[in-house]
Amino acid sequence: MGRVKISLGIIIGIIIFGVSGIFIIKHETNEILDMLNNVQSIYSDGRTAESAILAEELNDKWEKYQKIASIFVRNEKISSVQTSMSRLKPLIENENDELNAEFENARSALEWIVESEIPKLTNIL
């Protein structure tokens, strides 16, 4: 009977860890997406210096998020976003034409992290 209780405790612990991870990832990803949209809108308004500062803050937030997300998400998904995040500030400072594409790439990769990690019937089967 003791083994059954221990097994149930482990299973419940795993379920709680998984569910809390989903909520943490979703919340943190939404914060980063909001910051990304803010940087893009400020850059679109022509305030390059301010958007570069916010891009640096976004990169710092991303570094913190990356440490948490690496517990719950596979590394391939994180590294695809890392590439885009590291390119944003230099592209803003150089006013490069590829900046909007990089914003969209980062946005879609962040959204993919959340969409692919939330369990759905199609994900499970």
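View 1. Helices here are DSSP runs (H or I, at least four residues), numbered from the N terminus. This is a predicted model: local features need pLDDT of at least 70, side-chain atom pairs count only at pLDDT 80 or more, and totals for chains, interfaces and linings use all residues. Residues are numbered from 1 along each chain as its sequence is written, and side-chain values use heavy atoms, with hydrogens and water left out. The buried residues of H4 include Leu99, Phe103, Leu110 and Ile113. Glu102 and Arg107 are also among them. Buried means under 20% relative accessible area, exposed over 50%, and partly exposed in between (1.4 Å probe, protein chains only).

**View 2. Glu95 sits in the loop between helices H3 and H4.** H3 covers 75-94 and H4 covers 99-117. Phi of Glu95 is near 50 degrees, a positive value in a residue other than glycine.

**View 3. Helices H1 and H2 cross at roughly 165 degrees.** H1 holds residues 2-44 and H2 holds residues 48-72. Their axes come within 9 Å. Axes are lines fitted to C-alpha atoms, for helices over the stretch in contact, and angles run from 0 to 180 degrees between N-to-C directions. H1 and H2 are therefore roughly antiparallel (an angle over 145 degrees). By class, their contact has 18 nonpolar, five polar and five charged residues. Nonpolar means Ala, Val, Leu, Ile, Met, Phe, Trp, Tyr, Cys and Pro; charged means Asp, Glu, Lys and Arg; the others, Gly among them, are polar.

**View 4. Two aromatic pairs are counted.** Rings of Phe, Tyr and Trp (its six-membered ring) pair if their centres lie within 6.5 Å; planes under 30 degrees apart are stacked, over 60 edge-to-face, and the rest tilted. Phe17 and Phe72 make a tilted pair, 5.1 Å centre to centre, with 35 degrees between the planes. Phe17 lies in H1 and Phe72 in H2, so the pair ties together parts 55 residues apart in sequence. Phe17 is partly exposed at 46%, and Phe72 is partly exposed at 22%. The ring centres of Trp62 and Tyr65 are 5.2 Å apart and their planes are at 35 degrees, so this pair is tilted. Both residues lie in H2, three residues apart, about one turn of the helix. Trp62 is buried at 0%, and Tyr65 is buried at 1%.

Notes:
Helices (H or I, at least four residues) and strands (E, at least two) are DSSP runs, numbered from the N terminus. Angles under 35 degrees count as roughly parallel, over 145 as roughly antiparallel, 65 to 115 as roughly perpendicular and the rest as oblique.
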